[in-house]
Structure formats: C-alpha cells, structure tokens
Amino acid sequence: MAQTHSNGNSTSSFNIPKITFTKLFINGEFVDSVSGKTFETIDPRTEEKIADIAEGDKDDVDLAVKAAREAFDHGPWPRMSGSERGRIIMKYVDLVEEHLEELAALDALDVGKVLSHGKARELPFATSVLRYYAGGADKIHGKTLKLANQLQGYTLYEPIGVVGHIIPWNFPSGMFFFKVGPALAAGCTMVVKPAEQSPLSALYCAHLAKLAGIPDGVINVITGYGPTAGAAITSHMDIDCVSFTGSTEVGRLVMQAAATSNLKSVSLELGGKSPLIVFDDVDVDSAVNIALMGGFANKGEYCVCSSRIFVQEGIYDEFVTKIASYVKGMTVGDPFEPSTIQGPQADKAQYDKVLSYIEHGKRQGATLLTGGNPCREKGYYIEPTIFTNVKDDMLIATDEIFGPVMCVIKFKTIEEAIARANATRYGLAAGIATKDLNIANTVSRSIRAGIVWINCYMAFDADSPYGGYKMSGFGREFGMDALYKYLQVKSVVTPVHNSPWL
C-alpha cells in the first residue's frame, strides 16, 4: 500500500506512522493510476502533507469495474455457499480486530479523529457490524408462494452484481465496513471510492481483505476525486448498484448519473439537521450528557448530529448553564493525545465552512453562548460552540453545518416541539429525552426521521436499520434491510399438473 516509517517525534505516546505514497487496489494488487497522477492528503493537525495518493479517474474505474465484473460473472465469490462466504468474512473480521490500532491511527492522521475513541468505540462497533453480516451470509432465503392457479412458485434472492460504494470522510474505516459487509455477504463484487480527504484506511482495509482470502477482484479501491472517479462510478454502464453516503447536493448528482446511464439502483444516506427534544420532566444532568453526545461527538462531523436542541422552558435556563459549563472545559487538541475530546476538523474547506456558519449565526442575531473561535496556532481546530436565542429560519438552524456548532432553542408545548422539529428539509435522526412514556410514544411517532432515540443518542446497533426521510435520502444501513438492498428478487413459477391439492 505504501512506504511507511514511524515518527518518533510525536508528543503523544503513540508511535504515529509516516506514509510516503499509496497506490490503487485493483484485482488484488496495488497499482499506479493509469495517468500516473497523484494528489496530496493533508494532516489536519499540522496542515502539512501526509502522503502522495494515486489519483484514479475514469480509466482506473474502468479497470476496477472490469475486475469486479469478471469476479462476479466467473469468479468463486457469488458461487460459494453462504456459509463459506461467512467463514471468510469472519476471518476478515479477525484480521481487522488484530489491526484496530493501525486503522484508528490512519483515520486520526487523515481527518483528525480521536485515536482513543476510534480504538475503544468506533472500530469495535464497525467490526461487530462486519461480523453481523458474516452471520447473515447463510440466512438469505426466499419464500414458497401460494399461487391462485395450477401453479407452484417460489422466490430467489440473488446478488445484484457489481456495486459502487462511495464513502465519506467523517467515518472512513467504519463506513467502509458498513457498506462492504452486507455487499460481501450478498455475494456481490465492488468498487470502493473513499473520500479524497481520507484515502488511507480504505486501502489498508483492502489489503486485509486479501489476507483474509477474499478473492481477487471482489474488492477494488479507487482513490481520487468525486467529479472524476466518483462520477465514473455513478455513470458506469457495468455497475449495477451505487451506495452513496455524503451531502444531499452530491446525492442529487448520483441519482442523475444513475438515471442517465443504465438505471442502476441507488441507495443514498445524506445530510441531516437532527433535533433533540428535551422535556422538563427529565434529570437535567442526564439530558446534558445526551446532548453533548449528540451535538459534539466526532467534532460534529456526522450526519445524525443533534445540532438543534429543543429544551422545554421549565428547565431551559438550568440546561443552558450546565451544558455551557461543560463545553468550556472540553479539551480540543491533537487526536493522538489521550486527554483530547475533540480533534481538528477534517480539512481546510470544512474548517472554513464551520467558521462561516458561526459568523452567520452572530450576524443574524443569535447569542453566542460559548466558543465560536479557531484555537491552537496550527491545524484546523475550532472551539465547541453553542448559540442561544436562535430562530428557526436562521442559517445555523436550517443548514447542515457538519461541525461543533449547537443551537439550544426554548419551547413550551409538545405540539410546538413536534412542529418545529419537523420544520426541516431533512429527516435522518431525532432524539427525545423524557420520563413520560406517553410523550415518548407520541413524539417518536410524530417525528419524520429514519431513526429516533429515546433517552439516548447515537445508539447504533448492527441489527437496527437507519436511513433517511425527505432529503436525507433513502435506503437503509445496518440490519438485514442493508443486506437486501444488494439482492434482486426473482420469482420462479412452474405449472402443477394433476396435483391432489393446490
């Protein structure tokens, strides 16, 4: 994958890898791009180059799709029994678990993810998802049909074919496994394009897949830019399905490309502006902890971020005082340091975007309660930021910021909270904090979102599907729902002659 050596000069006790260059992964081999071009990946801690990355484009995507098509049409992977595929995926999980620290370090280096959190929570969850789909590989079965005429029928679930996965930069390793896992279990082959900001861990994941015994051509990784490599995937005539996670704006382009090429199926997990509704019957300290998890985890760089916190007026003042006190003490720093809670934003573009929204909030009249400034002399670090006195039509309340910016908004009644929570073009996730079961039931059924957490947040599980309503997309990640989107349903019907029963 790369030439590496350790950087012994780090202030952290962790030995940070030094990477020189990377290649593409096609048909089981690391290869240069056809053009020979490269691009730089930048360390958000230092604003310095990490490595030169092979820049794949249409020609490289063509080669990767050719390898994936050959592996699907003539290779062993879709022709294995589900139990055999599951056994190999289990071996893959074991290898990933052996190398969790390396993967966590690559994501920390590439996009500033906190190393300790990656090792302790994100990557163990990702491996649990991969293990779930290893167990699901032999649970794919159709139905026997009771037909009206003298016929018998049944359904088959068949792998959809070659899949294009386009994954975002905010959870590079996790998203790789969330998409690759169910597609592997279904018997598909695939081309994966990681975000240009976070190419490193996807290449390492591909390397581990080969070591696990996944056949050549089943997983291919093309690093490059969205308008070139990504567009080549979405418009490719020999890709049968595209799964995309990213912005709503790019999701539109993915759908357009799929429609104007071969009408490939599409799954989109897009943006969000998720509400957390805190009712005044709750323990305030518990609600503050839920809000902190929902609003500031992963630097606010995640699609289900609860950036709109609706707090009922009876506890509003106490809630605001307590959450501001905690946020002022959060450690923003090097993601390799054990004491760090929040690392740098992923890149300069995201850093500038977040700061611009903070300025929008101040200019439009919201009250800056805490934070709002860049911090540290070097790197893309921003203080965790809270606004109060936010109106629903302010940009900080309507737009997905994808950063550590929280709006705390006062409300009076259940009806008001539901209406304001739903007053968004997005519908990915929501949270409710209450001790009242009737409130929890009413609100959870009234919120237009793909997943609703009650008295918790970010409570993902491999068996719990989630995805969007409205402009947050369609299709589901996790659960067997995610596996079935990589399968086609075929009905098989034959006549039944002289049967004693139908």
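Reply: First a definition: two strands pair if DSSP finds at least two bridges between them. Strands (E, at least two residues) and helices (H or I, at least four) are DSSP runs, numbered from the N terminus. This is a predicted model, where local features need pLDDT of at least 70, side-chain atom pairs count only at pLDDT 80 or more, and totals for chains, interfaces and linings use all residues. Residues are numbered from 1 along each chain as its sequence is written, and side-chain values use heavy atoms, leaving out hydrogens and water.

Me: What is the strand order in the open sheet of 7 strands?
Reply: The order is β16-β17-β18-β15-β14-β19-β20, and the pairing is mixed. β16 (367–370) and β20 (451–454) are at the edges with a single partner strand each, so one side of each has no neighbour in the sheet.

Me: In which sense do β19 and β20 pair?
Reply: Parallel, over 4 bridges. Ala430 stands opposite Val452 in β20.

Me: New topic. Which residues of helix α7 are buried?
Reply: In α7 (residues 226–234), Ala229, Gly230, Ala232, Ile233 and Thr234 are buried. Buried means under 20% relative accessible area, exposed over 50%, and partly exposed in between (1.4 Å probe, protein chains only).

Me: And Phe478, buried or exposed?
Reply: Phe478 is buried, at 1% relative accessibility. Phe478 has a positive phi of about 75° although it is not a glycine, and lies in the loop between β21 and α15 (479–484).

Me: What about the phi of Lys470?
Reply: Positive too, about 50°, and Lys470 is not a glycine. Lys470 is partly exposed, with a relative accessible area of 37%.
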